[in-house]
Amino acid sequence: MNARAGQAVLLAAGRGTRLGELTRTTPKPLLAVGGEPIIFRIIRGLATAGVGDITVVTGHLAGAMEAALGDGGQWGVALRCVRQERLDGTARAAALARPYLGAGPFFVGWGDIVVETANYERVVSAGAGTGAAIAVNEVDDPWAGGAVYVDAAMRVLRMVEKPPRGTSTTRWNNAGLAVLPPAIWDEADRLEPSVRGEYELPQAVAAFVAAGHPVAAVPIEGPWFDIGTPESLAEARRYFAS
């Protein structure tokens, strides 16, 4: 059995331009779903899963985010914020938290992904069992995210980021919650910039898998919402209002 992740990194720097006026004066992770800001829900879920130390990477309207989060005391966790001054990708964002992470595994997630709280415990527990784990959700075609290929035991075989529409033979999509070991930094340090000129964390995870490291895939239980548009925000609000 591997160590259980007690630390987390939350990536919350982007503006969310497709949300338009909704994020002009409010950081996307502070938009409310189910009566509380998205990132509050995430932190509460992590605290329930036993994660006690959280680093939040801020960017757009960083001051508002930092003021809302404080030191994490309202959730019983130690929390700090670090600012990504240059939005050069999620791998570079995660690396800003590296000085605060110990030698063990850590949880990493996006600050705009909404799932049922129990999924955080499931991913953290799976990471303790295998050393690394990623959450996956089932879709018709994972072209808009990351295709995740698995074997019969739900071990990750390979990952393909944003495959062309209609080319995937898997229905599993990278759901944006993971437990990763410190060895991931070796792959992150070797990354080349994407076509957008950014250094992407999912590409580092794909390289980690390709190098033969064991990674468990954990299916999300319940709905999965990527809050990127007014429509996805409205859908999440309807679900959690019920």
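A cavity is a set of points, on a 1 Å grid over the protein atoms alone, where a 1.4 Å probe fits but cannot get out; its lining residues have an atom within 4 Å of a point. A volume is the space filled by probe spheres set on the points, which are joined across faces, edges and corners. The model is predicted: local features need pLDDT of at least 70, side-chain atom pairs count only at pLDDT 80 or more, and totals for chains, interfaces and linings use all residues. Residues are numbered from 1 along each chain as its sequence is written, and side-chain values use heavy atoms, with hydrogens and water left out.

The structure holds 3 cavities of 30 Å³ or more.

Aromatic pairs (rings of Phe, Tyr and Trp, the last by its six-membered ring, with centres within 6.5 Å; planes under 30 degrees apart are stacked, over 60 edge-to-face, the rest tilted) number 6. Phe-107 and Tyr-120 form a tilted pair, 6.0 Å centre to centre with 55° between the planes. Phe-107 is buried (under 20% relative accessible area; exposed is over 50%, partly exposed in between; 1.4 Å probe, protein chains only), at 1%. Tyr-120 is buried too, at 3%.

Phe-225, Tyr-239 and Phe-240 form one aromatic cluster. Arg-41 lies over the face of Phe-240, 4.0 Å from the ring centre; such a charge has NZ of Lys or CZ of Arg within 6 Å of the centre and within 35 degrees of the ring normal.

Conventions: 1 Å grid on protein atoms, 1.4 Å probe; cavity = no way out; pocket = protein on both sides within 12 Å on 5 of 7 lines; lining within 4 Å.
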